[in-house]
Amino acid sequence: MTGFDEKPQPYWDQVALEWARTTPDSLWRKHSDRVNAALLADWLPDRPDQRILKTDLFDEAVGEGLLSFLRLRARAVVGMDISQALLRTSQPSPSGAICADVRRLPFRNGCFDVVISNSTLDHFGALQEIETSLCELQRVLRPGGQLLLTLDNMANPLLALRNLLPFRWLHRMGIVPYYVGVSCRPVELRKMLARAGLEVAEMTAILHCPRVAAVRVARTVQARCATPTHQRFLLWLMKWERLSAWPTRFLTGNYVAVRCVKK
């Protein structure tokens, strides 16, 4: 039984406005963006004629985000988010950004070549909601199109323990800055993807540094140190990503990352 209950749209509007106003953890967000961009550099095909959907714009509202990178590899990048407030604060703004729920996508069948969903589906209260979302993402992909997905990794024992505890406790202690929902282990994710009609091509784990401690250190470095120290700290954080090549990667990675193809 998870200690998390799904949050409604007004909650995410409130989070978006508060983060846009205070821009907390900007140094940590730079690291997160770099990890995601490195993954996409390996997995995203370089085809200037392709059409990409990004399923949330939180990265772009609170940091540099990924849109500038994505636009180098696509004819069009469509962004969506459940929060209208977040759409207004994301920069740079994607073309045709819309407010939508990933469980009920307002797009026709097969209209995207690639869907990028980084840590979007791990904010629901039940695994069934993840399955529903995967079916929708599969629906809007063309045959042979790719889904590049990251989710909280429940094979990491620290994350599994976190999800057993009530959100209000974790939030009060500063362990989670906003609502986090259910997720699954890599083996369970494979089964859900198969049921949704998606074939796994590659699977790994990313963001291996101890996240709670690293975020707190990043806040101190951001507040007290000059830019050269910021850069050295970011380089040190990236060294943790070497663990992605280890056989123990799913025990240390904060996210499971998967590249899959529509059958």
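The model is predicted; local features need pLDDT of at least 70, side-chain atom pairs count only at pLDDT 80 or more, and totals for chains, interfaces and linings use all residues. Residues are numbered from 1 along each chain as its sequence is written, and side-chain values use heavy atoms, with hydrogens and water left out.

Start at Leu-17. This residue sits in helix α1, residues 9-22. Helices are DSSP runs of H or I with at least four residues, strands are runs of E with at least two, and both are numbered from the N terminus. Leu-17 is partly exposed, because its relative accessibility is 48%. Buried means under 20% relative accessible area, exposed means over 50%, and partly exposed lies in between (1.4 Å probe, protein chains only).

Next, the cysteines. A disulfide is a pair of cysteine sulfur atoms within 2.5 Å. By this rule the count is 0. Cys-135 is in no disulfide, and the nearest cysteine sulfur, that of Cys-260, is 12 Å away. That distance is too far for a bond. Cys-135 is partly exposed, with a relative accessible area of 37%. Cys-260 is buried, at 0%.

Now the rings. The structure holds 8 aromatic pairs. Rings of Phe, Tyr and Trp (its six-membered ring) pair if their centres lie within 6.5 Å; planes under 30 degrees apart are stacked, over 60 edge-to-face, and the rest tilted. Tyr-11 and Trp-12 have ring centres 5.1 Å apart and planes at 80°, so this pair is edge-to-face. Both residues are buried. Phe-167 and Tyr-179 are also edge-to-face, at 6.0 Å centre to centre and 75° between the planes. This pair links distant parts of the chain: Phe-167 is in helix α8 (residues 167-172), and Tyr-179 is in the loop between α8 and α9 (186-195). Phe-167 and Tyr-179 are both buried.

On a 1 Å grid over the protein atoms alone, a cavity is a set of points where a 1.4 Å probe fits but cannot get out; lining residues have an atom within 4 Å of a point. The search finds 1 cavity of 30 Å³ or more. Helix α2 gives the most to the lining, with 4 residues. Among the lining residues are Trp-43, Ile-116 and Val-258.

Note on methods. 1 Å grid on protein atoms, 1.4 Å probe; cavity = no way out; pocket = protein on both sides within 12 Å on 5 of 7 lines; lining within 4 Å. Points joined across faces, edges and corners; volume = space filled by probe spheres on them.
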